[in-house]
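Take a moment to turn the model around before reading on. Then let's walk through it together, step by step.

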Amino acid sequence: MSVVAVPAHDTTRLKHWLVWAGRIVSVLPVLILLSSARWKLTRQPFYVAEWGRIGYSPNALTGIGLVQLTCVALYLIPRTAVLGTVLLTGYLGGAIASYVRIGEPYPVLVPLSTALLAWLGIYLREERLRSLLPFRRNTAR
């Protein structure tokens with residue numbers, strides 16, 4: 001088994017690329033979540049109707065929208081990004097549970113894909129998370 005040394009500048013370049021890729025990936029879940037929060041806070045008629053259809057009171061829209069914005073803010077701040085991702089996962093898990101409860105599997109794809117993109121974005125942006133949860137490679141030949 002031989003070990004191949006990677007030049008330091010290549011490692012730095014890769015880390016820089018991973019961070020920028022993570023920032024780009026993170027834009028999509030942020031846009032989805034900001035749109036959803038806007039619909040809640042402005043009480044868009046289509047959203048109020050959907051909210052009622054899944055069994056929630058329209059009176060909860062403002063509070064839930066503010067919680068959503070808080071989670072997004074924590075996700076965007078580098079020092080609190082991992083906490084924000086965990087909170088967004090819980091928030092989006094509630095959205096998934098709401099649709100599963102009424103027996104509609106298709107709408108589950110939006111919060112599920114949003115959560116997966118948020119995790120991918122933070123995984124690429126945060127080196128400490130990559131070292132905590134490394135992808136394992138099969139080194140046996």
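Helices and strands are here taken as DSSP runs, a helix having at least four residues and a strand at least two, and they are numbered from the N terminus. With that in mind, the chain has six helices and zero strands. Read from the N terminus on, its elements run α-α-α-α-α-α. Keep in mind that this is a predicted model.

Next, consider the chain as a whole. It has 141 residues, and 29% of them count as buried. The accessible surface comes to about 9500 Å², with 69% of that belonging to carbon and sulfur atoms. If you take the contacts between residues at least 6 apart in sequence, 59% of them join residues at least 24 apart.

Now look at one spot on the surface. Leu34, Leu41, Leu66 and Leu69 form a nonpolar patch there, and together they have about 300 Å² of accessible area. Helix α1 (8–41) and helix α3 (61–76) each supply at least two residues of this patch. Is leucine 41 exposed or partly exposed? Its relative accessibility is 34%, so it counts as partly exposed.

Let's turn to charged side chains. How many salt bridges does a search of the whole structure find? The search finds four. In one of them, the side chains of lysine 15 and glutamate 127 meet at 3.2 Å, N to O. This pair links distant parts of the chain, as lysine 15 sits in helix α1 and glutamate 127 in helix α6 (residues 127–132), 112 residues apart. Lysine 15 is partly exposed, with a relative accessible area of 34%, and glutamate 127 is partly exposed at 42%.

Another salt bridge brings together the side chains of arginine 53 and glutamate 104, at 2.4 Å, N to O. Arginine 53 belongs to helix α2 (residues 45–53), while glutamate 104 is in the loop between α4 (81–101) and α5 (109–125), so the pair ties together parts that are 51 residues apart in sequence. Arginine 53 is partly exposed at 40% relative accessibility, and glutamate 104 is partly exposed at 26%.

A further salt bridge joins arginine 128 to glutamate 126, whose closest N and O atoms are 2.7 Å apart. Arginine 128 counts as exposed because its relative accessibility is 59%, whereas glutamate 126 is buried, with a relative accessible area of 14%. Finally, salt bridges that share partners join Glu50, Arg53 and Glu104 into one network.

Technical notes:
Residues are numbered from 1 along each chain as its sequence is written. This is a predicted model: local features need pLDDT of at least 70, side-chain atom pairs count only at pLDDT 80 or more; totals for chains, interfaces and linings use all residues. Side-chain values use heavy atoms; hydrogens and water are left out. Patches are made of residues with over 30% relative accessible area and no salt bridge: like charges are joined within 9 Å, nonpolar side chains (Val, Leu, Ile, Met, Phe, Trp, Tyr) within 5 Å. Accessible areas come from the Shrake-Rupley method with a 1.4 Å probe; for residues, only the protein chains shown count as cover. Buried means under 20% relative accessible area, exposed over 50%, partly exposed in between (1.4 Å probe, protein chains only). Contact means heavy atoms within 4.5 Å.
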